Amino acid sequence: MAKHRVLVTGATGFIGRYVTQELNSRGLRVIGLDRHRSAEAFHQEAEVILGDVRDPSAVTEAMGQVDSWVHLAGVLGTQETITNPVPAAETNVIGGLNVLQAAAQYHLPGVNISVGNWFEDNTYSLTKHCIERFCSMYRQYRSLPVSVVRGFNAYGPGQSVAAPYGPSKVRKIVPSFVSRALNGDVIEIYGDGKQVMDMIYVSDLAFVIAEALEFTIGGGRPSGAFEAGTGRRTTVLDIAHKVTELMGAGKVMHLPLRPGESPGATVLADTSTLEPLGIDARSFVPLEDGLRKTIDYYAARA
Ligand SMILES: NC(=O)c1ccc[n+]([C@@H]2O[C@H](COP(=O)([O-])OP(=O)(O)OC[C@H]3O[C@@H](n4cnc5c(N)ncnc54)[C@H](O)[C@@H]3O)[C@@H](O)[C@H]2O)c1
């Protein structure tokens with residue numbers, strides 16, 4: 001019997017590579033659609049169509065080859081996209097609509113990834129939340145079987161590092177703290193560091209996405225978004241201290257908050273939303289274990 005085929009947009013990105021692995025391990029065949037190929041060795045063999053989600057014909061053509069889809073392609077950056085919102089809006093909103101239109105054309109079930117801080121007023125949250133709302137519209141008025149997974153703060157081996165240590169335009173907390181400690185630089189914390197984050201190890205997020213996809217393919221209808229987080233309150237300071245403790249290196253300094261960040265912000269998943277998927281968030285990788293693996297990954301490349 002032919003394998004079930006899944007279109008994964010953004011397949012060569014950080015989360016996309018783990019989602020590809022997770023779906024492959026379940027016997028599904030992944031066809032990626034991404035602007036770039038991945039430099040990561042474990043992804044070299046994946047089947048990837050080079051294309052842009054802003055191009056409706058590229059998306060429709062790719063969607064015509066599959067049985068379901070996971071939409072991950074996106075432009076990230078909470079602070080980075082405030083001064084120039086247009087590129088993020090084009091990919092996240094227009095690209096997202098192209099995916100939903102093509103899925104509706106073939107009536108294919110799928111999963112769209114959103115963010116945990118969907119309620120904040122920055123380009124990234126606004127554009128991701130906009131497509132989340134469009135998913136509801138397609139579900140209600142176009143009968144499209146689509147689920148939304150809100151990913152909280154994903155981290156793990158393979159996440160790209162921002163300048164001056166790597167090529168990424170977006171500063172993510174774990175690669176940034178670990179790279180600074182590895183290079184003997186001070187770890188920079190914006191604000192007092194008491195902002196509460198929900199750190200999810202990337203393979204746990206990939207697992208939730210795969211479960212949500214199988215749920216949707218199986219005819220499950222979500223009552224709201226699945227919140228892929230641990231529900232554990234972790235402050236920025238907790239992460240900095242854990243990184244310095246595990247690495248035996250690194251000092252911490254405080255800088256003013258950046259645009260788009262609010263003091264005392266709390267972004268925490270409601271893990272009860274995972275119950276329809278049969279997932280218990282208490283089984284997710286503890287922060288210390290995830291950080292150890294992640295630090296080992298960056299240390300081996302330093
Ligand atoms: N990293 C996180 O903590 C996190 C949390 C919640 C949600 N998300 C969402 O997960 C998705 C993947 O994030 P990631 O961390 O893997 O980021 P990433 O930057 O590593 O991956 C994004 C991928 O999308 C591709 N892409 C970007 N614009 C494209 C376009 N116009 N056409 C085709 N491909 C395009 C990129 O080439 C890249 O491979 C994004 O939609 C992001 O908003 C990420």
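Visitor: Which residue follows α5, and where is its phi?
Guide: G184 follows α5, and its phi is positive, near 75°. Residue numbers start from 1 along each chain as its sequence is written. This is a predicted model: local features need pLDDT of at least 70, side-chain atom pairs count only at pLDDT 80 or more, and totals for chains, interfaces and linings use all residues.

Visitor: How many residues of α5 are buried?
Guide: Nine of its ten residues are buried, so α5 is largely enclosed by the rest of the structure. Buried means 20 or more other C-beta atoms within 10 Å of the residue's own; exposed means 12 or fewer, partly exposed is in between, and C-beta atoms are placed from the backbone. The buried residues of α5 are I173, V174, P175, S176, F177, V178, S179, R180 and A181.

Visitor: What covers them?
Guide: The cover includes β7, β8 (187-190), α7 and α8. Contact means that two C-beta atoms, placed from the backbone, lie within 7 Å.

Visitor: And α8, which of its residues are buried?
Guide: G290, L291, T294, I295 and Y298 are buried in α8. They cover an arc of only 130° around the axis, which puts them on the same side of α8. The arc is taken from the directions running from the helix axis to the C-beta atoms.

Visitor: What about the other side of α8?
Guide: There E288, D289, A299 and A300 are exposed. The buried residues of α8 are covered by elements including β7 (153-155), α5 (173-182), β10 (199-201) and α7 (236-247).

Visitor: What span should α8 have, and what does the model give?
Guide: α8 holds 15 residues (287-301), which at 1.5 Å a residue should span 21 Å, and the end C-alpha atoms are 21 Å apart, which agrees. The expected span is 1.5 Å times one less than the number of residues.

Visitor: Changing topic. How many helices and strands are in the protein chain?
Guide: Eight helices and 13 strands. The radius of gyration is 19 Å, close to the 19 Å of the globule rule for 302 residues, so the protein chain is as compact as a globular protein of that length. That radius is taken over C-alpha atoms, and the rule is 2.2 Å times the number of residues to the power 0.38. Along its principal axes the C-alpha trace spans about 55 × 40 × 35 Å, and buried residues make up 47% of the 302.

Visitor: Which residues of the largest nonpolar core touch the most other members?
Guide: V6, V19, V149, V208 and I209, out of 76 residues. Helix α6 (residues 202-217) gives the largest share of this core, ten residues. A nonpolar core is a set of buried Ala, Val, Leu, Ile, Met, Phe, Trp, Tyr and Cys residues joined through C-beta atoms within 7 Å.

Visitor: What does I209 touch?
Guide: Leaving out residues up to four places away in sequence, I209 touches V19, V70, V111, I113 and V149.

Visitor: How many residues surround the ligand, and which are closest?
Guide: There are 25, the closest being G10, G13, G74, G151 and A154. Near here means a C-beta atom, placed from the backbone, within 6 Å of the molecule. α1 (14-25), α3 (86-106), β5 (110-115) and β7 each supply at least two residues of that shell. The largest share, three residues, comes from α1.

Visitor: Where is F152, and what does it touch?
Guide: F152 sits in the loop between β6 (146-151) and β7. With 21 C-beta neighbours inside 10 Å, F152 counts as buried. Apart from residues up to four places away in sequence, F152 touches G116, D198, I200, A228, G229, V267 and A269.

Visitor: What is the phi of H107?
Guide: H107 has a positive phi of about 50°, although it is not a glycine. H107 lies in the loop between α3 and β5, and is exposed, with 10 other C-beta atoms within 10 Å.

Visitor: And S143, what is its phi near?
Guide: Phi of S143 is near 55°, again positive in a residue other than glycine. S143 is in the loop between α4 (123-141) and β6, and is exposed, with 9 other C-beta atoms within 10 Å.

Technical notes
Helices (H or I, at least four residues) and strands (E, at least two) are DSSP runs, numbered from the N terminus.
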